[in-house]
Amino acid sequence: MSAQVLDALREAARAVGRAGEPQLAGLDETAAATRALALVAQAGLTAWTVPAKWGGAPTRGLAADDDVSCRALCALRGPLAYHSAMLDVMLVMQGLGSYSLARSGSEAARRELLPRVARGELVAAFGLTEPGAGSDLGLIATRAERVGGRWRISGHKTFISNAGVAGLYTLLARTCGEPGDGGKGSLTMFALRGDAAGLATRRFEVTSPHPIGDVLLERVEVGDESVLGEVGGGLDVALATLGRFRTSVAAAANGFARRALDESLRRLSTRAQFGKPLALNQGLAFDVAEMDTRLRAAELLVHEAAEAVDRGERAIEEVARAKLFSTENASYVCDRAVQHFGGQGVVRGNIVEQLWRDVRALRIYEGTSEVQKLILSRALFSRHGGS
Ligand SMILES: Cc1cc2nc3c(=O)[nH]c(=O)nc-3n(C[C@H](O)[C@H](O)[C@H](O)COP(=O)(O)OP(=O)(O)OC[C@H]3O[C@@H](n4cnc5c(N)ncnc54)[C@H](O)[C@@H]3O)c2cc1C
């Protein structure tokens, strides 16, 4: 994918962000989610979350031409996050929630559903987490049982972005074995309709505006066409989805941090105390130099990881480094920005207060910072020939 295409995507996302930020202010969460999705879809951005083959935007330079471009996702998420966490989440969930279907679904289901996801008409969600299974997916207890030639699914998913808003849920359920068995060979990915009988949702609030909640499944019946990939191969499907999207979480983190840095620069240049602008205090000026340098390092890690993913590499180390460093650094940068604003920095609704809350969850979802350290340290030791 050429640098010009990526620049054009950044510019398109910036335009949506600039227009969307004031429009979303003051809306309640569901209205904001609906409006945000409409904005990113009308601008054609959601098309980049679905492979070209299934109604998405045409991509070039990927290892597989039927894939989603990680570089494109990163190019879009940074500028969207700069303006609005809601624009960012509503864009990316279309991809995260539908990628397992794009990768492993039946021809008929892909043809029917994915073009609608690409146009933003069908909202997607991705269901891994459960009350008892977070970082350790081998603890998944949601069961899919074979009954009369169909699958009957019962269980409880939690922290599911787009719960109650989605029309398509891709989710991981246990088709054999017991929670705690590691999940290899015993979990299967399914695609469920949002209006399936037996599927209910319960919303809750998190620190930043984000449609999220529980998905309660009680004897939801589906046929074999809802199975994504091999029965028992669900963990690989889920991990491949995370592998493609995780780098874009880092890109979003950098978008929030870039905005916080710009806000700090503005504030420190325009506010005077003790007879001079705050920026003339070396301690504060050095702060922005530190924020800028760390942010640039994070952006380069994202660049390295996204290129490797688009070349078709597993890029486990690159992706883990980018996610770990960018999300942790973004919290640092947003926190410094709050400090630069003084009391105003903690007033509810102030831009830096909002960024500080927006960025926090990114160190937790799609693999916590500790999980990234586990992945990276294991890879390092195994290359070193150690444990
Ligand atoms: C805003 C938001 C949106 C989300 N959206 C989705 C979604 O759409 N779909 C979905 O399926 N899930 C989603 N999640 C859930 C998210 O993926 C989980 O919260 C995450 O995987 C962590 O799981 P947990 O909360 O159960 O924490 P736990 O796994 O219980 O971990 C608790 C703490 O222990 C640490 N820890 C765990 N194991 C180890 C270890 N071996 N070594 C060192 N430290 C360890 C963790 O890093 C963490 O700090 C979302 C979460 C948030 C906050």
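In this predicted model, the ligand is surrounded by 19 residues, the closest of which are Leu 128, Gly 134, Ser 135, Thr 368 and Glu 370. By residue class, the shell around the ligand comprises eleven nonpolar, seven polar and one charged. Strand E1 (124-127), strand E3 (150-161) and helix H10 (369-384) each contribute at least two residues to this shell. Because domain 2 (125-232) and domain 3 (236-384) both give residues to the shell, the ligand lies between them.

These two domains belong to a division into three parts, in which domain 1 covers 3-122, domain 2 covers 125-232 and domain 3 covers 236-384. Domain 1 and domain 3 have C-alpha centres 21 Å apart. Their contact draws 25 residues from domain 1 and 23 residues from domain 3. On the domain 1 side, H3 and helix H4 (85-104) each supply at least two residues, and H3 gives the most, with ten residues. The residues on that side of domain 1 are 15 nonpolar, six polar and four charged.

The buried residues in H2 are Ala 32, Ala 33, Ala 36, Leu 37, Leu 39, Val 40 and Ala 41. An α-helix has 3.6 residues a turn, so residues three or four places apart point the same way. The buried residues of H2 pack against helix H1 (3-24) and H4. Just after H2, Gly 44 adopts a positive phi of about 80°.

In soluble globular proteins, nonpolar side chains tend to be buried together. The largest nonpolar core here contains 112 residues, of which Ala 36, Val 40, Leu 76, Met 90, Phe 190, Phe 256 and Cys 334 touch the most other members. Helix H6 (residues 234-270) gives the most to this core, with 13 residues. Leaving aside residues up to four places away in sequence, Phe 256 touches Ala 81, Ala 330, Cys 334, Leu 355, Asp 358 and Val 359.

How values were computed
Residues numbered from 1 in each chain as written. Predicted model: local features only at pLDDT ≥ 70, side-chain atom pairs only at ≥ 80, totals over all residues. Core = buried A, V, L, I, M, F, W, Y, C linked by C-beta atoms within 7 Å. Buried ≥ 20, exposed ≤ 12 C-beta atoms within 10 Å, placed from the backbone. Helix = DSSP H or I, 4+ residues; strand = E, 2+ residues; numbered from the N terminus. Contact = placed C-beta atoms within 7 Å. Domains from an automatic or database assignment. Nonpolar A, V, L, I, M, F, W, Y, C, P; charged D, E, K, R; others polar. Near = placed C-beta within 6 Å.
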